[in-house]
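Today I am opening a new page in the notebook. Here is the structure I worked from, followed by what I looked up.

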Amino acid sequence: MKKDSFIDNQATRVQFGDIKAIEGLRAIAVILVVTFHYFKLRVVKFPDDPFICFVKQHIAVRSIVSHGHVGVQLFFLITGFLLILSWLRVDQVSASKLSIKSYFKRRIRRIVPAYYVCLLFVFFVMTPIFRE
C-alpha cells in the first residue's frame with residue numbers, strides 16, 4: 001500500500017504539475033501567519049520595532065496583520081482541495097472502486113509518523129526551553 005500511495009501522489013503531480021496558483025496561495029498563507037505572530041509577540045516588548053511602527057501607522061496593513069488566522073484557514077482550504085484532487089485522480093485511474101477505509105488508512109500511515117516526530121520534538125526540545 002505504501003508504494004500505491006506514493007504512486008498515487010506522483011501520478012497526480014505528473015498530471016496536474018505544480019499548480020502555481022496553489023503555491024501562491026501557500027505563500028500568502030505563510031506570510032499572513034508569520035506576520036501575525038511576529039506582531040503579536042513583539043508589539044508589547046518592542047514597540048519601537050520598525051515593523052510594529054509601520055503596522056500601527058497604516059490601517060490597511062494593521063487590518064491584514066491582525067487577521068493572520070485567515071492564513072491557517074487558507075492552509076485548510078488548500079489541503080482539502082489537494083486531497084480531493086488526489087482522490088479524484090486515483091478514482092479516475094483505478095479500475096476498482098475506492099473505499100473510504102483504504103483512503104483513511106493511507107492518510108493515517110502518512111500523517112501519524114510525522115505527528116509523533118513533532119510530539120517528541122515539542123516534549124524534548126521545546127518544553128525545556130519554555131521552562132526556563
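Predicted model: local features only at pLDDT ≥ 70, side-chain atom pairs only at ≥ 80, totals over all residues.

**Entry 1**

I started with D49, which counts as buried because its relative accessibility is 8% (buried is under 20% relative accessible area, exposed over 50%, partly exposed in between, with a 1.4 Å probe and protein chains only). Residues are numbered from 1 along each chain as its sequence is written, and side-chain values use heavy atoms, with hydrogens and water left out.

I found D49 in the loop between α2 (20-42) and α3 (50-57); helices are DSSP runs of H or I with at least four residues, strands are runs of E with at least two, and both are numbered from the N terminus. Which residues does D49 touch, leaving aside neighbours within four places in sequence? I get Y38 and R42, with contact meaning heavy atoms within 4.5 Å.

R42 forms a salt bridge with D49, and the closest N and O atoms are 2.8 Å apart; the term requires a side-chain nitrogen of Lys or Arg within 4 Å of a carboxyl oxygen of Asp or Glu. Side chains of opposite charge can pair when their charged atoms come close. R42 itself counts as partly exposed, because its relative accessibility is 27%.

**Entry 2: the other pair**

How many salt bridges does the structure hold? I count 2.

**Entry 3: the core**

I looked up the largest nonpolar core next, and it has 5 residues: F39, V43, I52, V55 and V65. Such a core is a set of buried Ala, Val, Leu, Ile, Met, Phe, Trp, Tyr and Cys residues joined through side-chain atoms within 4.5 Å. I picked I52 and listed what it touches, not counting residues up to four places away in sequence: F39, R42, V43, F46 and P47.

**Entry 4: L98 and I100**

L98 sits in the loop between α5 (69-93) and α6 (100-131). Is L98 buried or exposed? It is buried, with a relative accessible area of 16%.

I100, in helix α6, is exposed at 55% relative accessible area. I100 belongs to a nonpolar surface patch with F104, I108, I111, V112, Y115, Y116 and L119, about 800 Å² of accessible area together. Patch residues have over 30% relative accessible area and no salt bridge; like charges are joined within 9 Å, and nonpolar side chains (Val, Leu, Ile, Met, Phe, Trp, Tyr) within 5 Å.

**Entry 5: the whole chain**

I closed with totals. The protein chain has 6 helices and 0 strands, and 19% of its 132 residues count as buried. Its accessible surface comes to about 10200 Å², of which 70% belongs to carbon and sulfur atoms; areas come from the Shrake-Rupley method with a 1.4 Å probe, and for residues only the protein chains shown count as cover.
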